[in-house]
Amino acid sequence: MRVADYIEKLKPYEGGKPIEELKRELGIEGDIIKLASNENPLGPSEKAVDAIREIADKVNFYPDGDAYYLKEKLAKKLGVSRDNLIFGNGSDELIELIYRTFATDTNDEIVYCYPTFIEYKIIGMAFNKRLVELPLKDFAYDIDAIIDAVNPKTRIVFLNTPNNPTGTAIKRKDLERVIEGVSDDVLVVIDEAYYEYAKAEDDYDEILDLYKKGNVIVLRTFSKAYGLAGLRIGYGIASKEIVDYLNRTRPPFNVNIVAQHAALAALDDDEHIKNTVENNQKGKEYLYSEFEKLGLKYIKTYANFILFDVGDDADRIYNELLKKGVIVRSMSGYGYKTFLRVSIGTPHENEVFITKLKEILNV
Ligand SMILES: Cc1ncc(COP(=O)(O)O)c(C=O)c1O
């Protein structure tokens, strides 16, 4: 089959290893712990699960392509108008729609710092765009470098706060510097997939209102703190103009009926978010203190994962952990040859992870 060179060069996205795959590959019986994809270790809200059961016998109907009720509820919660909201099949799909809608010329340039959420890159490659990839500085977005890199060909700037995989946050004044430093027709994407977790840190800046600047879209998701990753639903907050354009390239039924109902119910369960965030804060403190005892360097996180330096070949430690039934992520593919990223789990999962890590490090 003949394909374009740029498709030939693509490598499919590699997610965290699924539990079932590890069982198949290594024949491991018993408990496997997955701390690899920043999922909610407490599971989904019970209210969402009930909503899924209730809608199960109505899946013969197409979903509401405009997500009327969900838009209504979310708009109220966020204090925005329903015209400022767009939903996607995960925020992944919104990243794709952003490319499809706003970077339509072959010479268009896209700017972001790397390592960051790999989909900005993979989708950009799939659309054959010019990717201007700048190194992170001290594990954080380099704002001056971004502003310097923007030129008349730039169409989109991706800013991820907190940044996956480093967990670092971008200050509001720095986001404002980027927005003010680029022309009005460069779209600034602020990806806040981990917002609910970040909010628990005193020094995390609220930034949602920046969408009012007109060339900004803020992305959030139900996949992380809301625990609905398997249903695929995320959303964007932007000016009516941006939302209107995105709606022109959006598939009509992109968010399925089950996801819409579950998300609607999940928005009613503040208690579940509170427990989720509390679990995360406690897990974070525990893991920080264990890393300190082990003398391992880690990066302060605003999210539900921690990037840390094992001081050894990351792939080797990753594989040793797999053999012991613990799935994390090796960061060697991102150029961090001695770093792993671990999602914060339940107290039990965190303890098992630390115990197995100690066994491998012989301490
Ligand atoms: C920064 C960031 N943005 C977006 C996503 C995608 O989330 P969704 O499940 O909504 O597609 C992820 C998932 O890992 C992420 O880390």
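Is methionine 1 buried or exposed? I looked up this residue first in the predicted model. Methionine 1 has a relative accessible area of 99%, so I record it as exposed, the cut-off being over 50%.

Entry: I placed methionine 1 in the segment before helix H1, which spans 5-8. I then looked for a surface patch that includes this residue. Met1, Val3, Tyr6 and Ile7 make a nonpolar surface patch of about 440 Å².

**Entry: the ligand site.** I next listed the surroundings of the ligand and found 13 residues. Ser91, Asp191, Tyr194, Thr221 and Ser223 are the closest of these. For aspartate 191, a polar side-chain atom lies 2.6 Å from a ligand nitrogen atom. For arginine 232, a polar side-chain atom is 2.7 Å from an oxygen atom of the ligand. For asparagine 164, an N or O atom of the side chain is 2.8 Å from a ligand oxygen atom. I also checked the ligand's area: taken alone it exposes 390 Å², of which the protein buries 94%.

**Entry: helix H6.** Which residues of helix H6 (residues 119-126) are buried? I recorded Glu119, Tyr120, Ile122, Ile123 and Gly124 as buried. I then asked what covers the buried residues of H6. The cover includes helix H5 (91-102) together with strands E3 (109-114), E4 (130-135), E5 (154-160) and E6 (187-191). Asparagine 128 follows H6 and has a positive phi, near 60°.

Terms used: Residues are numbered from 1 along each chain as its sequence is written. This is a predicted model: local features need pLDDT of at least 70, side-chain atom pairs count only at pLDDT 80 or more; totals for chains, interfaces and linings use all residues. Side-chain values use heavy atoms; hydrogens and water are left out. Patches are made of residues with over 30% relative accessible area and no salt bridge: like charges are joined within 9 Å, nonpolar side chains (Val, Leu, Ile, Met, Phe, Trp, Tyr) within 5 Å. Accessible areas come from the Shrake-Rupley method with a 1.4 Å probe; for residues, only the protein chains shown count as cover. A salt bridge is a side-chain nitrogen of Lys or Arg within 4 Å of a carboxyl oxygen of Asp or Glu. Helices (H or I, at least four residues) and strands (E, at least two) are DSSP runs, numbered from the N terminus. Buried means under 20% relative accessible area, exposed over 50%, partly exposed in between (1.4 Å probe, protein chains only). A residue is near a molecule or strand if one of its heavy atoms lies within 4 Å of it. A polar contact is a pair of N or O atoms within 3.5 Å; within protein, one must be able to donate a hydrogen and the other to accept it, and residues adjacent in sequence count only if both atoms are side-chain atoms. Contact means heavy atoms within 4.5 Å.
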